[in-house]
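I opened this model to look up its aromatic rings and its nonpolar surface. My notes are below.

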Amino acid sequence: MFDIQNYISFIAAILVFQLIPGPGTLAILNATARNGVKAGLGAVLGTLLGDFLYMVAAVAGLATIMQANPLLFKGLQWFGAAYLAWMGMQLLRSSLQASSVKPEPQQNSWIYFRQAFAVSLTNPKVILFFVAFFPLFLRPEASSITLAVMMLHVTFLSLVYQVGLVLIGNQLAQYLKALPSARKLATRLAGLALIGFGVKLALNNR
């Protein structure tokens with residue numbers, strides 16, 4: 001279908017990729033827990049835009065350029081590791097300083113869009129993933145239109161999954177409002193997870 005080889009496997013692979021928790025997922029859940037559905041949807045759009053740009057870059061051959069310039073690739077990796085760790089520290093600081101009775105200040109969803117977009121761009125290995133992923137399902141005679149269709153598939157399925165994540169996350173956040181200690185623990189765990197992603201990326205960059 002659409003000149004995509006093993007179409008069902010292609011769809012399944014996208015879904016599995018979405019189910020693997022990553023920094024983008026944490027950014028979406030954090031935004032939703034803090035400021036509700038609108039904030040979560042802002043983070044979704046930021047994540048989708050970052051992934052889409054990486055897909056375009058992969059298709060355009062940017063991955064080849066980065067492989068030919070290892071210093072540039074390593075620089076992006078170190079920046080990504082530092083940014084993720086910084087975001088994790090910010091979450092830990094806010095959870096330690098927040099009062100259990102003080103409501104979360106409302107912030108514009110644009111702020112969460114920018115944060116999620118930045119998080120999405122901190123992992124340059126996504127480019128290499130798409131470079132390795134797309135050819136697995138391309139027919140030899142496929143045209144450039146097929147690549148565009150594959151990109152649309154990834155974007156649409158990501159949108160559906162992440163919007164569902166926001167709606168479910170919002171319901172969980174409503175319960176957590178009645179349990180300040182649980183909410184504080186969830187924020188700390190999110191912060192530690194982001195730091196963990198940053199450390200992992202830094203170790204891979206050695």
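Entry 1. I am working from a predicted model. I searched the whole structure for aromatic pairs and got three.

Entry 2. I looked at the pair Phe 113 and Phe 117. Their ring centres are 6.3 Å apart and their planes meet at 5°, so I logged the pair as stacked. The cut-off for stacked is planes under 30 degrees apart.

Entry 3. I checked where the two residues sit in the chain. Phe 113 and Phe 117 both belong to helix α5, residues 109–121, and are four residues apart. That spacing puts about one helical turn between them.

Entry 4. Phe 117 comes out at 22%, which means partly exposed. The line between the two classes is 20%.

Entry 5. Which residues make the nonpolar patch? I listed Leu 49, Phe 52, Leu 53, Val 56 and Leu 121, with a patch area of about 340 Å². Helix α2, residues 23–60, gives the largest share of this patch, with four residues.

Entry 6. Phe 52 lies in helix α2. Its relative accessibility is 32%, so I recorded Phe 52 as partly exposed.

Notes
Residues numbered from 1 in each chain as written. Predicted model: local features only at pLDDT ≥ 70, side-chain atom pairs only at ≥ 80, totals over all residues. Heavy atoms only, no water. Phe/Tyr/Trp six-rings, centres within 6.5 Å; stacked < 30°, edge-to-face > 60°. Helix = DSSP H or I, 4+ residues; strand = E, 2+ residues; numbered from the N terminus. Buried < 20%, exposed > 50% of the residue type's maximum accessible area, 1.4 Å probe, protein only. Patch = residues over 30% accessible without salt bridge, like charges linked within 9 Å, V, L, I, M, F, W, Y side chains within 5 Å. Areas by Shrake-Rupley, 256 points an atom, 1.4 Å probe, with all protein chains shown as cover. Salt bridge = Lys/Arg side-chain N within 4 Å of Asp/Glu carboxyl O.
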